[in-house]
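Please consult the sequence and the structure shown below while reading.

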Amino acid sequence: MRTRPKYLQIAAYVMIVIIMVFIMGAFRDCGRINIVNKEGYSGGDTLDVALIYGPSSYYFYTDSLSGINHEIAIAFSEETSTPIKIWPISQPAEGLQKLDKGAFDIVASLPLDNNIKNSFPVSESIFLDRLVLIQLADSISGEPEITSSLQLDGKTVNVAEGSSAVQRLKNLSEEIGGNITIIEEPEASDEILALKVATGTIPLAVVNERVASSIAEKYPLLKYDSTVSFTQFQVWVFNPADSIAVEKFNLWFDSFRKKKEYREIVDKF
């Protein structure tokens, strides 16, 4: 009798997150769906900065905005007198598509891989992260079913569409000489995937460790001990047509990362 109210509470929380992402998407694109000019949404000197919604990058907390990328974007804007407009997005694929079309000037942040490196100008590493496998531990033993990525042969793993986890899982499947079924969820962020695993909706997913760690604080049975990738550089990705923005940011960030303010932001999240 005690488990049902808790289940309903968890289900309600998942629905709130999904509704929040939907609302942000609705406001973001309202009246702007067909705008793909190279000057972006705002035009002029204003930089349109798309921030990936998630516990470490950009999120709402007690009626305010926070996150590593949000704090760094504000610092960049204030210290260089650069006007910015922030657009919350839930998916990497969406951000890169609009970045390529000129709708955004910057997408922050994404793990650096060859696809991004060969297609877009990028910043220095903003912070470090890595991909982890998340799953529920057994409620009795407290142990997860999978303790090594080698055990993923024959398993189905969910990832966010456009995530670097897709290529990593394909490579891993070849490395172990097995077959890992990869499901790319077009409407899911890493946070939503973590919540789906935490509530038993899906069995396995691969997300960034910072996201997994944040969700696991609320769901102790959510385990993320199995790493799927080496440590990854999280970078800001820039519009290929805007060399001035990337040069300006990199010059500023090279100095900012040496300040205590930068370390305070990274340690905070």
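## Helix H3 and its end

Helix H3 is followed by Gly102, which has a positive phi near 95°. Helices (H or I, at least four residues) and strands (E, at least two) are DSSP runs, numbered from the N terminus. Because seven of the 10 residues of H3 (residues 92-101) are buried, this helix is largely enclosed by the rest of the structure; buried means under 20% relative accessible area (1.4 Å probe, protein chains only). The buried residues of H3 include Pro92, Glu94, Leu96 and Lys98.

## Basis of the model

The model is predicted: local features need pLDDT of at least 70, and side-chain atom pairs count only at pLDDT 80 or more, while totals for chains, interfaces and linings use all residues. Residues are numbered from 1 along each chain as its sequence is written, and side-chain values use heavy atoms, leaving out hydrogens and water.

## Nonpolar cores

A nonpolar core is a set of buried Ala, Val, Leu, Ile, Met, Phe, Trp, Tyr and Cys residues joined through side-chain atoms within 4.5 Å. The largest one has 23 residues, and Ile72, Trp236 and Phe256 are among those with the most contacts inside it. Elements that give two or more residues to this core include helix H2 (68-80) and helix H8 (243-256). H8 provides the largest share, six residues.

Leaving aside neighbours within four places in sequence, Phe256 is in contact (heavy atoms within 4.5 Å) with Ile72, Ala75, Glu79, Glu261, Tyr262 and Ile265.

## The open sheet

Five strands form an open sheet with mixed pairing, in the order S4-S1-S5-S12-S6; two strands pair if DSSP finds at least two bridges between them. Strand S4 (84-89) and strand S6 (127-129) are the edge strands, each pairing on one side only. S6 pairs with S12 in the antiparallel sense over three bridges, and Asp129 stands opposite Gln232 in S12.

Technical notes: Buried < 20%, exposed > 50% of the residue type's maximum accessible area, 1.4 Å probe, protein only.
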